[in-house]
Amino acid sequence: MKKVLVAGGAGFLGSHLCDRLLNRTDIEKLVVVDNLWTGREANISHIRDPRFQFVRSDVENLQTSDKFDEVYHLASPASPPWYMKEPKRTISANLIGAFRLLDLLKKGGRFCFTSSSEVYGDPLVSPQPESYKGQVDCTGPRSSYDESKRCTESLLFEMQRTQGLDVKIVRPFNVYGPRTRPDDGRAVSNFVAQALTGRPITVFGDGLQSRSWGYVDDIIDGFARYFWMNETDYRGPLNVGNDREIAVLEVAQYISRLMGGIPIVFEPSPPHDPTNRRPDLTNANYVMPEWSCAISYEEGVAKTLDWFRQDMKITAAEVAEAGSRRLAKAGR
Ligand SMILES: NC(=O)c1ccc[n+]([C@@H]2O[C@H](COP(=O)([O-])OP(=O)(O)OC[C@H]3O[C@@H](n4cnc5c(N)ncnc54)[C@H](O)[C@@H]3O)[C@@H](O)[C@H]2O)c1
């Protein structure tokens, strides 16, 4: 029976990963360490499993006498406005967090890390294969995130090379879905939260920049398959994402339509916003041929909208009222 530690388990992806882990019968204890910086206790409050334990702490300072068979390091904000506001804290969570978690891994245990497609920076090739070295600016405003992911990858791959550490590293592309914060600050959650509160949908730039949005269930399915795989000759890292590239404006227009024609307004792009992002899934298809992103963005966005409506406790009547207020203000 295994002891498992999930750092960042009260966050968006971490909480979904915990749900999957608790379906396993070979786990006797699942500890989540999270400081609730960008995560929410509500993301894990549904868990009633006696094997589950939540410790509110910075991962860097986690105090425990336990050692773990599997460690999952997800502790880091994923949303640019959050990590750009606190770069030192972001670097610490990823890198110093990894050092602390390595101390807590049993000999022969497995270390799983969520890196990011941000390691490719503003890419000059599309789609991006894992072998692409990326176009990252270590003096730029996103560097705390991009470079700490790169450095943590370097730490773990070097431990794999020199000490035979069992390492599994994924590079997720843009993920969306239930349990994202309404104030997360990324496109889909922004659009949905704005639409539900009757505000115009804000698109940065001309909206023609594209992203490859993966619905959370598909992405967590990819994580689980790869993280729990014992027999593979692929040493990583592994792109996990949806390879259907969609313009930001198209998603905004779709949400606007779903919500009865919410207006779309344009604002200047944030600094160093990548123009495109799309995973090359050749390795993912080789390692886990039966996996793919099955949920279309239309279906995923509709599910996300429903979840936000419940989470924000917004009734259909309130949405309609906000819409009428907006129309009245616009003089229509
Ligand atoms: N969501 C995405 O689209 C995406 C894409 C690529 C990579 N990732 C990576 O996946 C991981 C999870 O992302 P997410 O979307 O769930 O983000 P999230 O912000 O919802 O979750 C991160 C969690 O880590 C916690 N945390 C941050 N610093 C901590 C620290 N020092 N000590 C303890 N807990 C800490 C936060 O409170 C939060 O609960 C991150 O490592 C992120 O970089 C996410």
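## Proline 127 and the cis peptide bonds

Proline 127 is placed in the loop that runs between β5 (105–114) and α4. In this predicted model, the peptide bond leading from serine 126 into proline 127 is cis, and its omega is near -5°.

A cis peptide bond also joins glycine 236 to proline 237, with omega near -5°. Proline 237 belongs to the loop between α6 (216–227) and β11 (238–240).

## Overall architecture

The secondary structure of the protein chain consists of 10 helices and 13 strands. With a radius of gyration of 20 Å, close to the 20 Å given by the globule rule for 332 residues, the protein chain is as compact as a globular protein of that length.

Along the principal axes, the C-alpha atoms of the protein chain occupy a box of roughly 70 × 45 × 40 Å. Of the 332 residues in the protein chain, 56% are buried.

Helix α4 covers residues 143–163, 21 residues in total. From its first C-alpha to its last, α4 reaches 29 Å, close to the 30 Å expected at 1.5 Å a residue. Glycine 164 follows α4 and has a positive phi, near 70°.

Helix α6 has 12 residues, and its reach of 16 Å between first and last C-alpha is close to the 16 Å expected at 1.5 Å a residue. This helix is mostly covered, with nine of its 12 residues buried. Val216, Asp218, Ile219, Ile220, Gly222, Phe223, Ala224, Tyr226 and Phe227 are the buried residues in α6. An α-helix has 3.6 residues a turn, so residues three or four places apart point the same way.

## The ligand and its surroundings

The ligand is surrounded by 31 residues, and the closest are Leu13, Asp34, Thr38, Val59 and Tyr145.

At valine 59, a backbone N or O atom is 2.8 Å from a nitrogen atom of the ligand. Threonine 114 contributes a polar side-chain atom, which lies 3.1 Å from an oxygen atom of the ligand. At valine 175, a backbone N or O atom is 2.9 Å from an oxygen atom of the ligand. The ligand taken alone exposes 810 Å², of which the protein buries 96%. The elements giving two or more residues to the shell around the ligand are α1 (12–21) and α4.

## The loop between β7 and α5

Arginine 181 is located in the loop between β7 (175–176) and α5 (187–196). The relative accessible area of arginine 181 is 18%, and the residue is therefore buried, the limit being under 20%. The side chain of arginine 181 forms a polar contact, at 2.7 Å, with the side chain of aspartate 183.

Arginine 179 also lies in the loop between β7 and α5. Although arginine 179 is not a glycine, its phi is positive, at about 85°. Its relative accessibility of 15% means that arginine 179 counts as buried.

Leucine 36 is found in the loop between β2 (27–34) and β3 (52–56). The phi of leucine 36 is positive, about 60°, although the residue is not a glycine. With a relative accessibility of 16%, leucine 36 counts as buried.

Phenylalanine 68 lies in strand β4, which comprises residues 68–73. Its relative accessible area is 1%, so phenylalanine 68 is buried. Phenylalanine 68 and leucine 104 are 36 residues apart along the chain, and their C-alpha atoms are separated by 6.1 Å.

How values were computed. Residues numbered from 1 in each chain as written. Predicted model: local features only at pLDDT ≥ 70, side-chain atom pairs only at ≥ 80, totals over all residues. Heavy atoms only, no water. Helix = DSSP H or I, 4+ residues; strand = E, 2+ residues; numbered from the N terminus. Expected span 1.5 Å × (residues − 1). Near = heavy atom within 4 Å. Polar contact = N/O pair within 3.5 Å; in protein donor to acceptor, adjacent residues only side chain to side chain. Areas by Shrake-Rupley, 256 points an atom, 1.4 Å probe, with all protein chains shown as cover. Rg over C-alpha atoms; globule rule 2.2 N^0.38 Å. Buried < 20%, exposed > 50% of the residue type's maximum accessible area, 1.4 Å probe, protein only.
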